[in-house]
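Here are my notes on the model you sent. Please read them with the structure open.

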Amino acid sequence: GVLVLHSSLAAMPTPRRTRRVAAASVLAAAAAFGGAELFAVAPSGLPTLAGRSHLGASVQAPLTDLRPTGSGSLSGGASLGLLLGLGGAAAALGAAAARGDGKANRRTRAPSARTALTAEGVTVVVKPADVVGWYDFKWFGGTFAVCFRPGGSFYCPKFQAPARWQLKGDLVKVEWGNFGTYELKFDAASKTMDGHGMPKKEGNDKNWRKASFLRELSPVENVLIGDGGGTEWNFEWSGGSFPVKFKADGYNHFQCDEFPAHSHWTLDDDKLTIVWGEFGKYEMAVNVAEKSMDGCKVGGDPATEWRKSQFKRKLRASVVMESCDHHH
């Protein structure tokens, strides 16, 4: 990230080493925000960090708990870095700045957590990984299951459409094709969401939406979905082998370039079913540890209609939503 530091720390009535510790905390905070414009101000003589990150989060935190140790390293600055979720990287960055040795690693990158600093201290609002999972989605017409997948993929078995989700602060935005766009505030403690359709319609008692956490993705789901784009496997039968793809889009498309057909995959607990158009239907058992599959064509003789598959690679999650002209 890029750091633009507007500092009045030098004007603060504090010892030089304390100013270095405060500056170190500014650097650690900026690293955690992926670059930020930060202002060190001192209302009534109290050193305070304030400003706005390049991710759009407000920044404000007191620096009163920052104090140097006898060895010349910092205690408060390292704690700040750890609370920001940077772990040892931020602590090392802060310590290096406090020592004044100029050896902080400029390539240190912050995690993808969306964070906010409040006047009471440092608060990690939410990480994308906190949102991932299955939820019970509620509206005035009832409830149904939806899945917030890694990489921003969104899937609803009942209402399938090109769909994605993204996180801004603690706000989850869902773009759901013909079913609309929604904004929901995510509560990390209870893993619930509360929001509305877009645009928000004040006074409309049908505009609200809520979601409550149901479960984590299963081990089989994680193997098939990968980082959110799906996975590619080598599919084998008595006549040879060829690559196939299990896509993690809004339709759970199954793709085979060698034998193309409009196809899908579904999971029932740990049983994988492939509906492969004119080529038939297959049921496969997934071995998570070995990343392999064994199965058979539904209704076929296992001795001749067996199928096997082996994991090849993860597919990259795409921000482009794939449409489908077929009826779903």
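Predicted model: local features only at pLDDT ≥ 70, side-chain atom pairs only at ≥ 80, totals over all residues.

Which residues form one aromatic cluster?

1. **The aromatic cluster.** One cluster is formed by Tyr-135, Phe-137, Phe-144, Phe-148, Phe-154, Phe-159, Trp-165, Trp-176, Phe-179, Tyr-182 and Phe-213. The count of aromatic pairs in the model comes to 28. Phe-213 also has a charged neighbour: the charged end of Lys-191 sits over its ring, 4.2 Å from the centre.

2. **Confidence.** Keep the pLDDT in view. The mean for the protein is 75, and 59% of the residues reach 70 or more. Over residues 1-50 the pLDDT stays under 50. The model still has 120 contacts beyond four places in sequence for that stretch. Residues 52-111 are also below 50, with 117 contacts beyond near neighbours in sequence. I leave both stretches out of the points on strands and rings below.

3. **Overall make-up.** The secondary structure comes to five helices and 22 strands. Of the 328 residues, 41% are buried. The accessible surface is about 16800 Å², and carbon and sulfur atoms account for 51% of it. Take the contacts between residues at least 6 apart in sequence: 44% of them join residues at least 24 apart.

4. **The eight-stranded sheet.** How many strands form the open sheet, and in what order? Eight, in the order β9-β8-β7-β14-β13-β12-β11-β10, with antiparallel pairing. The edge strands are β9 (154-155) and β10 (164-168), each of which pairs on one side only. As a reminder, strands of a sheet pair through backbone hydrogen bonds, either parallel or antiparallel.

5. Strand β7 (residues 133-139) pairs with strand β8 (residues 142-148) over seven bridges, in the antiparallel sense. The two form a hairpin with two residues between them. Phe-137 stands opposite Phe-144 in β8. Next, β8 pairs with β9 over two bridges, again antiparallel. Here Phe-148 stands opposite Phe-154 in β9. The hairpin of β8 and β9 has five residues between the strands, and Gly-151 in it takes a positive phi near 75°. Phe-137, Phe-144, Phe-148 and Phe-154 are among the members of the cluster in point 1.

6. Strand β11 (residues 171-175) and strand β12 (residues 181-187) are antiparallel and share five bridges. Glu-175 lies in β11, and its bridge partner in β12 is Thr-181.

7. **Strands around β22.** Strand β22 (residues 306-314) is joined to strand β15 (residues 230-237) by six bridges, and the two run antiparallel. In this pairing Trp-233 has Phe-311 as its bridge partner. Strand β21 (residues 292-297) pairs with β22 as well, over five bridges and in the antiparallel sense. Met-293 stands opposite Ser-309 in β22. Look at Phe-311 again: Lys-291 lies over its face, at 4.4 Å from the ring centre.

8. **Two edge-to-face pairs.** A pair of aromatic rings is described by the distance of the centres and the angle of the planes. Why is the pair of Phe-242 and Trp-276 edge-to-face? The ring centres are 6.1 Å apart and the planes meet at 65°, and an angle over 60 degrees counts as edge-to-face. The pair links distant parts of the chain, 34 residues apart. Phe-242 is in strand β16 (residues 240-247), while Trp-276 is in the loop between β19 (271-275) and β20 (281-287). Both residues are buried. Phe-246 and Phe-254 have their ring centres 5.2 Å apart and their planes at 65°, so this pair is edge-to-face too. Phe-246 counts as buried because its relative accessibility is 0%, under the 20% limit. Phe-254 is buried at 3%.

Technical notes. Residues numbered from 1 in each chain as written. Heavy atoms only, no water. Helix = DSSP H or I, 4+ residues; strand = E, 2+ residues; numbered from the N terminus. Buried < 20%, exposed > 50% of the residue type's maximum accessible area, 1.4 Å probe, protein only. Contact = heavy atoms within 4.5 Å. Areas by Shrake-Rupley, 256 points an atom, 1.4 Å probe, with all protein chains shown as cover. pLDDT = per-residue confidence, 0-100. Pairing = 2+ DSSP bridges. Phe/Tyr/Trp six-rings, centres within 6.5 Å; stacked < 30°, edge-to-face > 60°. Lys NZ or Arg CZ within 6 Å of the ring centre and 35° of its normal.
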